[in-house]
Amino acid sequence: MRAAGTRILGLGHAAPSRRVANAEIESALGLEPGWIERRTGVRERRWASDGETLSGLAGQAGDDALKSAGVDRGEISLLLLATSTPDQLLPPSSPLVARRLGLTRAGAIDLAGACAGFVYAFALADAHVRATGRAALVIAANLLSRRINPAERASSVLFADAAGAVVLGPSQDAARGVIGQSLASDGAGYGLVGIAAGGSSRPFTHDVAVDETLMTISDGRGLFAEAVRLMAECSTEALGEAGVAAQSVDRFVPHQANARIFSAVGRKVGTPAAATVSTVAEYGNSSAATIPLSLSLSHQARPVAEGETLLLAAAGAGLVGGALVFRT
């Protein structure tokens, strides 16, 4: 049975217990105290300890969201896991997460959309719920601490580990759910950030240096400018499709790439400064996980009410970006 709209049934998040303050990284890189926070807005981030896994962290966030939703787990028909750091290159991690969560009747697949992964997964989940009338679980999770090159300043100061999750269910109110969206890509920026080795074009071999298996940001200024452009353009287009004025957004939940980036996006789009949800100071940048993590933390602080208008926006490696307007 099709559903006219969708609604958020539950939210959850998880992060490793290990807190890494800026002082630890600034000392290792020879940076003056306060440099990281001034440039990025980050004060500390969470890094996984030995033995912690991506599937484990994703499962914690998913379990939190399912308990919040209070639904029978047999009602979940699809699990979408947005991640750039799966447990293994093959097989995908989502079937393992689904099994751990007791989702016995759910399909499961990983989505590799980098920092925009959650936006794409959420858009697909909304369409799935409308088409089938059955609930879906969207999780975004990353262990980026295991892909950081500790000698590279650009990535060392930003990236973190975390997970966030949303249970999305059917609604017979067509005015609820995703009411505007804009998804975009720009392969001209393909080389701005990435991991050189490990894919099919440059597979692991005995002569591949360790540094080639770690993240590299080749042009930080270029990435900053392109992220702002893509997030702002997609946000404006999504709001236009929804027929919603930027000033009417109740919560702007941007990808927490860098405080300066999402502040610039908010100014360009025209959303109220007070509507911006920011978690970058305490949790850093965990790529796709930042939006559901931030949404869950925001809901904890002030529950999301029926009828709120949410704007979710992200951009990252690829370049891949997008924005969604969601009516709760």
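Leu 90 is exposed, with 69% of relative accessible area. In this predicted model, Leu 90 belongs to the loop that connects β4 (76-82) with α4 (94-101). Together with Leu 89 and Phe 204, Leu 90 makes up a nonpolar patch on the surface, and the three residues share about 390 Å² of accessible area.

A second group of residues is drawn from a database record. The unreviewed UniProt entry carries the annotation "active site" for Cys 115, His 255 and Asn 285. These residues span 171 residues in sequence, yet no two of their C-alpha atoms lie more than 9.1 Å apart, so they gather at one spot.

The table sets out the surroundings of two of these residues.

| Residue | Loop | Relative accessible area |
|---|---|---|
| Cys 115 | between β5 (107-111) and α5 (117-132) | 13% |
| Asn 285 | between α9 (280-283) and α10 (290-301) | 3% |

Are these two residues buried or exposed? Buried means under 20% relative accessible area. Cys 115, at 13%, therefore counts as buried, and Asn 285, at 3%, is buried as well.

Which residues does Cys 115 contact, leaving aside neighbours within four places in sequence? The partners of Cys 115 are His 255, Ser 287, Ala 288, Ala 314, Ala 315 and Gly 316. Asn 285, with residues up to four places away in sequence not counted, touches Leu 144, Leu 158, Phe 159, Ala 160, His 255, Gln 256, Ala 257 and Thr 290.

Conventions
Residues are numbered from 1 along each chain as its sequence is written. This is a predicted model: local features need pLDDT of at least 70, side-chain atom pairs count only at pLDDT 80 or more; totals for chains, interfaces and linings use all residues. Side-chain values use heavy atoms; hydrogens and water are left out. Patches are made of residues with over 30% relative accessible area and no salt bridge: like charges are joined within 9 Å, nonpolar side chains (Val, Leu, Ile, Met, Phe, Trp, Tyr) within 5 Å. Accessible areas come from the Shrake-Rupley method with a 1.4 Å probe; for residues, only the protein chains shown count as cover. A salt bridge is a side-chain nitrogen of Lys or Arg within 4 Å of a carboxyl oxygen of Asp or Glu. Helices (H or I, at least four residues) and strands (E, at least two) are DSSP runs, numbered from the N terminus. Buried means under 20% relative accessible area, exposed over 50%, partly exposed in between (1.4 Å probe, protein chains only). UniProt positions are given in the numbering used here, feature names are shortened, and annotations may be inferred rather than shown by experiment. Contact means heavy atoms within 4.5 Å.
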